[in-house]
Amino acid sequence: MRKARTEISLAETNHPVRFLGLTAVSNNSQKSIVATNLATLYSMSGLRTLVIDADLRRPTITTRLPDRSGMPGKECKDLVRLNIIRTPGQFDVLSSSVVDARNLLVPKNMQALLSELNADEAAAYDKIIIDLPTLESGADDLVVGTLLDGVVIVAEWGKTHIDTLQELVRTLQ
């Protein structure tokens with residue numbers, strides 16, 4: 001995990017990577033675990049980190065919240081900051097129910113969210129990690145990846161077929 005963080009840091013030479021998406025080819029991947037581990041590393045380094053659970057079909061991060069505060073049925077407040085689940089000493093989370101309610105997989109809505117999160121300099125996040133849907137969930141849901149500074153593709157050695165990995169790379173371009 002630290003090697004992945006180092007590789008991302010090396011990519012920051014020309015442009016800082018503040019908004020980072022993670023995706024994979026199939027729903028059987030460990031991308032959500034990679035996203036939370038990466039967020040933990042960033043927050044342990046002293047960076048204010050937010051994870052957005054945008055995988056609506058498999059909201060792994062939301063379902064693992066200790067108090068289930070991000071589950072569907074909770075009212076979505078107008079201001080995004082009021083919907084963020086704070087986890088002291090760790091990273092913060094914007095649950096999949098808020099992503100769904102605000103239709104954040106539509107690029108203009110995601111752009112508005114990212115702008116809103118940047119509006120208040122004092123409360124701005126250093127890193128925002130978006131747990132994106134997989135290619136298996138549908139290529140249309142990956143369009144918001146174009147708004148981000150970078151997208152990490154989580155692949156499993158010996159399990160991810162090169163052809164589908166190449167298809168995912170083409171989709172993201």
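## Terms and basis of the model

A residue is called buried when its relative accessible area is under 20%, exposed when that area is over 50%, and partly exposed in between (1.4 Å probe, protein chains only). Helices (H or I, at least four residues) and strands (E, at least two) are DSSP runs, numbered from the N terminus.

The structure is a predicted model, in which local features need pLDDT of at least 70 and side-chain atom pairs count only at pLDDT 80 or more, while totals for chains, interfaces and linings use all residues. Residues are numbered from 1 along each chain as its sequence is written, and side-chain values use heavy atoms, with hydrogens and water left out.

## Overall architecture

The protein contains six helices and five strands. Read from the N terminus, their order is α-β-α-β-α-β-α-α-β-β-α. Of the 173 residues in the protein, 45% are buried.

Contact here means heavy atoms within 4.5 Å. Among contacts with a separation of 6 or more, 76% are between residues 24 or more positions apart.

## Helix α2

Helix α2 covers residues 31–44. Its expected span is 1.5 Å times one less than its number of residues. For the 14 residues of α2 this gives 20 Å, and the end C-alpha atoms are 20 Å apart, so the two values agree.

The helix is mostly covered, with ten of its 14 residues buried. These are K31, S32, V34, A35, T36, L38, A39, L41, Y42 and S43. S43 has a relative accessible area of 15%. Apart from its neighbours within four places in sequence, S43 is in contact with T49, G89, Q90 and F91. Just after α2, G46 adopts a positive phi of about 95 degrees.

## Salt bridges

A salt bridge is counted when a side-chain nitrogen of Lys or Arg lies within 4 Å of a carboxyl oxygen of Asp or Glu. Five salt bridges are found in a search of the whole structure. One of them joins the side chains of D55 and K31, at 2.9 Å from N to O. This pair links distant parts of the chain, 24 residues apart: K31 belongs to helix α2, whereas D55 is in the loop between β2 (49–53) and α3 (60–63). Both partners are buried, D55 at 2% relative accessibility and K31 with a relative accessible area of 3%.

K31 also forms a salt bridge with D131, at 2.6 Å from N to O. Because K31 lies in helix α2 and D131 in strand β4 (residues 127–131), this pair ties together parts that are 100 residues apart in sequence. D131 is buried, at 0% relative accessibility. Elsewhere, the side chains of D92 and R86 meet in a salt bridge of 3.0 Å, N to O. In that pair, D92 is buried, with a relative accessible area of 8%, whereas R86 is partly exposed, at 43% relative accessibility.

## Nonpolar cores

A nonpolar core is a set of buried Ala, Val, Leu, Ile, Met, Phe, Trp, Tyr and Cys residues joined through side-chain atoms within 4.5 Å. In soluble globular proteins, nonpolar side chains tend to be buried together. The largest core in this model has 25 residues, and L50, I52, L94, L113, I128 and I130 touch the most other members. Elements giving two or more residues to this core are β2, α4, α5 and β4. The largest share, four residues, comes from α5.

Leaving aside its neighbours within four places in sequence, I128 is in contact with R18, F19, L20, L50, I52 and L117. A second, separate core has 17 residues, among them L22, V34, A39 and I61.

## A positive phi at N103

N103 is a residue other than glycine with a positive phi, near 55 degrees. N103 lies in the loop between α4 (96–101) and α5 (107–119). N103 is partly exposed, with a relative accessible area of 43%.
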